[in-house]
Amino acid sequence: MRVQAIVFAPCCMYSSSVTTSQENILLIEDDAAFRGMLIEALEAKSYKVTGVVSAEEGLAKLKTQRFALILTDVKLPGLSGVDVLPQLLKLGQGTDVIVMTAFSSKETALRAVQLGAYDFFSKPFSLKELGIVVHRAMEKRRLQQEVLSLRHSLRSTGPISKIIGHSAPITEVISRIEKIAPLDTTALITGESGTGKELISDTIRELSSRQNGPFIKVNCAAIPEHLFENELFGHEKGAFTGATSSQPGKFELARGGTILLDEIGDMPLSIQPKLLRAVEQKQIERLGGSRPIDVDVRIIAATNQHLEERIKEKVFREDLYYRLKVASIHLPPLRNRSEDIPLLVESFLQRIHHELGIYIRKVTPEAMSFMCTYTWPGNVRQLANILEGAAISAPSETLTADDIRKALGHKTPSTKSTGDTLNLKKAVNTFERQLILKALSRTQGNQTEAAGLLGLTPKNLWAKLKKHNLDSKTFKRRTI
Ligand SMILES: Nc1ncnc2c1ncn2[C@@H]1O[C@H](COP(=O)(O)OP(=O)(O)OP(=O)(O)O)[C@@H](O)[C@H]1O
């Protein structure tokens with residue numbers, strides 16, 4: 001390009017704040033004099049500047065180097081700054097691009113912004129003006145990086161860390177949770193049984209400003225229709241025979257906090273208008289009451305049903321559905337995110353070790369591959385339960401595909417008669433381990449009682465626990 005005119009600011013360079021940043025800027029400018037001047041000015045502010053003369057050269061640089069910012073002229077010898085913009089943005093992976101145009105081509109500049117440029121300059125511009133915009137872009141980048149690193153540490157240590165999985169669908173779910181949780185709006189969580197809807201509602205609540213308020217969970221499928229209104233909204237004294245005193249319902253108990261309406265698809269049609277009022281106006285009325293009561297409650301609804309189908313069947317109100325689904329999260333079934341299975345298996349085996357004292361040292365590749373291809377109709381809950389069952393019954397500290405199949409109640413492929421199956425010592429050991437596990441489970445970890453059941457002395461049992469690497473304490477309140 002030809003330098004048109006540069007209006008020099010009195011002090012030649014922009015802001016008075018000293019930039020200590022060593023961030024790299026890629027400058028694409030074919031005019032040697034103009035390029036040199038920009039480099040000098042930016043380097044005076046401690047930016048590192050890599051100058052190139054064409055869009056093609058700029059693209060080549062981006063393939064090997066990362067930059068904090070790209071400054072490009074529009075009029076270049078080969079590809080123009082606007083033509084190359086989509087590629088710059090793609091290769092730059094989030095790096096902002098500032099476009100420099102001639103004053104006469106403001107429309108080009110606007111097109112560049114539409115295409116994704118961060119900002120543009122119409123020449124002539126002052127170096128002060130350029131400096132301010134560069135500084136602002138760098139600040140924006142720094143803040144974005146801060147947000148990313150905060151998000152990363154929150155995801156690895158905060159409530160989000162309880163959600164295991166790195167597949168694209170679960171990553172999308174996590175982003176939705178992070179967006180929705182702080183909004184204090186009604187949320188709807190959908191997904192098959194066992195996909196983690198309750199886990200997600202716990203996480204939303206923990207990430208919201210209501211984390212210290214009450215959290216009331218209502219299973220709509222478990223309440224008979226005639227008790228529903230009373231359960232949710234409470235009653236006044238004398239509302240019905242036996243109502244000897246006034247009593248608040250779940251909504252009032254959740255004041256200042258959150259209410260989870262689980263299995264919302266099973267909520268009786270007769271209650272739905274009252275729920276709609278609670279959602280829209282944050283008001284309820286007790287049974288037998290004559291005045292509305294304000295309830296500051298965040299509602300989270302969850303269901304494994306297709307509410308659109310329930311609407312067609314005329315058992316779910318459309319207006320309520322649209323109010324609930326303002327912020328919705330759909331949990332895909334486990335079979336559609338099998339990449340998450342190895343991580344889930346690892347996490348559940350750790351939990352089994354801590355809670356049951358059963359240590360599984362290894363999962364065979366066949367067992368993992370079987371689990372990754374199985375359809376898991378009961379989703380994550382089924383995977384967790386099957387692993388627990390398999391770990392309890394496994395004859396050794398290595399979990400095999402047969403162990404998983406047995407826990408699933410599948411017929412195992414007939415095993416070849418190997419030396420192993422005839423090894424009496426090994427078979428006795430396996431049988432002994434399983435009997436001890438059952439006895440500990442039945443007595444909830446009481447060693448004296450377990451020893452009695454097994455016909456052993458407590459000292460004998462203690463020695464066998466050590467031999468099998470089992471911890472009786474972890475059997476408290478557990479049953480097989
Ligand atoms: N992504 C996950 N990471 C870790 N644990 C999970 C995940 N998803 C689900 N779980 C675990 O699986 C079990 C079932 O999850 P949850 O109860 O939240 O499912 P749900 O969808 O509410 O089931 P339902 O519809 O039957 O009530 C819980 O123990 C939960 O902690």
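The following dialogue explains how to read several features of this predicted model.

User: What conventions apply to the numbering and to the confidence of the model?

Analyst: Residues are numbered from 1 along each chain as its sequence is written. The model is predicted, and local features need pLDDT of at least 70, side-chain atom pairs count only at pLDDT 80 or more, while totals for chains, interfaces and linings use all residues.

User: How many helices and strands does the protein chain contain?

Analyst: Helices (H or I, at least four residues) and strands (E, at least two) are DSSP runs, numbered from the N terminus. In the protein chain there are 19 helices and 14 strands.

User: What share of the residues is buried?

Analyst: A residue is buried if 20 or more other C-beta atoms lie within 10 Å of its own, exposed if 12 or fewer, and partly exposed in between, with C-beta atoms placed from the backbone. Of the 480 residues in the protein chain, 30% are buried.

User: What share of the contacts joins residues 24 or more positions apart?

Analyst: Two residues are in contact if their C-beta atoms, placed from the backbone, lie within 7 Å. Among contacts in the protein chain with a separation of 6 or more, 70% are between residues 24 or more positions apart.

User: Which residues have the most contacts inside the largest nonpolar core?

Analyst: A nonpolar core is a set of buried Ala, Val, Leu, Ile, Met, Phe, Trp, Tyr and Cys residues joined through C-beta atoms within 7 Å. The largest one has 36 residues, and those with the most contacts inside it are Ile189, Phe251, Ile259, Leu261, Ile300, Ala301 and Ile329. A second, separate core has 35 residues, including Leu26, Ala41, Leu69 and Val134. For Ile300, the contacts beyond four places in sequence are Ala187, Ile189, Ser201, Ile204, Thr258 and Leu260.

User: Where does Ile70 lie, and which residues does it touch?

Analyst: Ile70 is in strand β3. Ile70 counts as buried because 29 other C-beta atoms lie within 10 Å. Apart from residues up to four places away in sequence, Ile70 touches Leu26, Leu88, Gly92, Thr95 and Val97. Ile70 and Ala117 are 47 residues apart along the chain, and their C-alpha atoms are separated by 9.7 Å.

User: Which residue does UniProt list as a 4-aspartylphosphate?

Analyst: UniProt positions are given in the numbering used here, feature names are shortened, and annotations may be inferred rather than shown by experiment. The unreviewed UniProt entry lists Asp73 for "modified residue: 4-aspartylphosphate". Asp73 is found in strand β3, residues 69-73. With 25 other C-beta atoms within 10 Å, Asp73 is buried.

User: Where is Val345, and is it buried or exposed?

Analyst: Val345 lies in helix α13, residues 341-356. Val345 is buried, with 22 C-beta neighbours inside 10 Å. Not counting residues up to four places away in sequence, Val345 touches Val363, Met368, Met371 and Leu387. Val345 and Leu387 are 42 residues apart in sequence, with a C-alpha to C-alpha distance of 7.6 Å.

User: What is the phi of Glu263, and what is that of Lys282?

Analyst: Glu263 has a positive phi of about 55 degrees although it is not a glycine, and Lys282, also not a glycine, has a positive phi of about 55 degrees. Glu263 is in the loop between β8 (258-262) and α10 (272-281), whereas Lys282 is in the loop between α10 and β9 (283-284). Glu263 is partly exposed, with 19 other C-beta atoms within 10 Å. Lys282 is partly exposed, with 16 C-beta neighbours inside 10 Å.
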